[in-house]
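Good morning, and thank you for coming. Please look at the structure on the screen while I go through several of its features.

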Amino acid sequence: MKECPVCKRQFDDSLNFCTYDGHQLIAVNHVTPPSSPLSQGETDVNSSKGNETKQNGGCLKKILITVIGVVIVLVGLYNYLINSATYLRTEPAAVQVVKGGGSGKVDIDYDGYIWTVNHKPDWIDIEENDNDFKMSVSSNQTGQVREGTVTIQSGKLLAQVIVRQNAYATAIKASTTSVKFGKAGGTKDITIETDGCNWEAEYTNWMTVTKESETELHIKCPSNSDDFRTGTITVKEDNARVIISVRQAGTCNNCHGGGEFTCNACMGTGSTGYGMFYTNCMWCGGRGKTTCSVCGGSGERE
């Protein structure tokens, strides 16, 4: 007798292949009652399930092999791209930043395909582009000069940008250094430019000055019913400062509104001379008074 190695059915020695699944028969020594033949239209359930399982296993195996192949190709491609650079440079290689912080662009010069920022200080923000990156540095309020590095990597190549930041303001500018108000008073805004980050304002007490923002100074001046007056506003940070002069119209502070003074040449008599030789005072024209040279006789100053 011969037996199918898959379905284990036995057949006569005259047959060489299984009539159910087509596998080659093998000779056996023992005899097993042959399986009852299937009637027409019946299906061998065990055989069908075995074939289906075998087919599903084959599909999964092919899919798994394909996925592994794709992964291997992608890893190889990535390794090639990341390690293809033969040189890597930054321009500039060092940056000096003011106390108030700021931003700037750093160019990447390399012959590869991929670069990344693998290190930066926490006080620097990076915005990466294709062949450059934007570097934004926050204000330095530590009171000490600070230094850090931004490290760029492409494969095994490294390049650094050294960042140094000042601890002190070096310059302060105002949009104007002279302000005038009428007797009724009013308000004015002045723009402040500085490389610092925390300026303060000192001012004469008859006005009110407030810091609206890091770039704006607001001046409020009350009405003035007294003499013409002047004051100053000093905007400063560390060793940098700018002085703004403030003037407000009022009564002339020289003649106090009179517009005239008693003539010092004739002592108010209007004439000068000796004995019989008297004449009109050449300084006051015989009036005995002279016009205030500061206000021109108006009694007011602007």
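Is Asp238 buried, partly exposed or exposed? With a relative accessibility of 33%, Asp238 counts as partly exposed, because that class lies between the limits of 20% and 50%. This is a predicted model, and every value I quote is computed from it. Asp238 is found in the loop that connects strand 18 (229-237) with strand 19 (240-248). Its backbone also deserves attention: phi of Asp238 is near 55°, a positive value in a residue other than glycine. As background, most residues other than glycine have a negative phi, and most peptide bonds are trans.

Lys8 is likewise not a glycine and has a positive phi, of about 65°. Lys8 belongs to the loop between strand 1 (2-3) and strand 2 (10-11). As for peptide bonds, the one from Glu91 to Pro92 is cis, with omega near 5°. Pro92 is placed in the loop between strand 4 (88-91) and strand 5 (94-97).

Let me now turn to the chain as a whole. How many helices and strands does the protein chain have? There are one helix and 25 strands. Of the 302 residues, 29% are buried. The accessible surface of the chain comes to about 19,200 Å², and carbon and sulfur atoms account for 51% of this area.

Three strands form an open sheet with antiparallel pairing, in the order 2-1-3. Strand 2 and strand 3 (26-27) are the edge strands, since each of them pairs on one side only. Strand 1 and strand 3 are joined by two bridges, and Lys2 stands opposite Ala27 in strand 3. In general, strands of a sheet pair through backbone hydrogen bonds, either parallel or antiparallel.

I come now to the aromatic rings. A search of the whole structure finds one aromatic pair. Its members are Trp115 and Phe133, with ring centres 6.2 Å apart and planes at 45°, so the pair counts as tilted. Trp115 lies in the loop between strand 6 (102-110) and strand 7 (116-119), while Phe133 lies in strand 9 (residues 132-137), so the pair ties together parts that are 18 residues apart in sequence. Trp115 is buried at 7% relative accessibility, and Phe133 is buried at 0%.

Finally, two charged side chains sit over rings. Lys211 lies over the face of Trp199, 4.5 Å from the ring centre. The charged end of Arg301 is positioned over the ring of Phe228, at 4.0 Å from its centre.

Conventions: Residues are numbered from 1 along each chain as its sequence is written. This is a predicted model: local features need pLDDT of at least 70, side-chain atom pairs count only at pLDDT 80 or more; totals for chains, interfaces and linings use all residues. Side-chain values use heavy atoms; hydrogens and water are left out. Helices (H or I, at least four residues) and strands (E, at least two) are DSSP runs, numbered from the N terminus. Buried means under 20% relative accessible area, exposed over 50%, partly exposed in between (1.4 Å probe, protein chains only). Accessible areas come from the Shrake-Rupley method with a 1.4 Å probe; for residues, only the protein chains shown count as cover. Two strands pair if DSSP finds at least two bridges between them. Rings of Phe, Tyr and Trp (its six-membered ring) pair if their centres lie within 6.5 Å; planes under 30 degrees apart count as stacked, over 60 as edge-to-face and the rest as tilted. A charge sits over a ring if NZ of Lys or CZ of Arg is within 6 Å of the ring centre and within 35 degrees of the ring normal.
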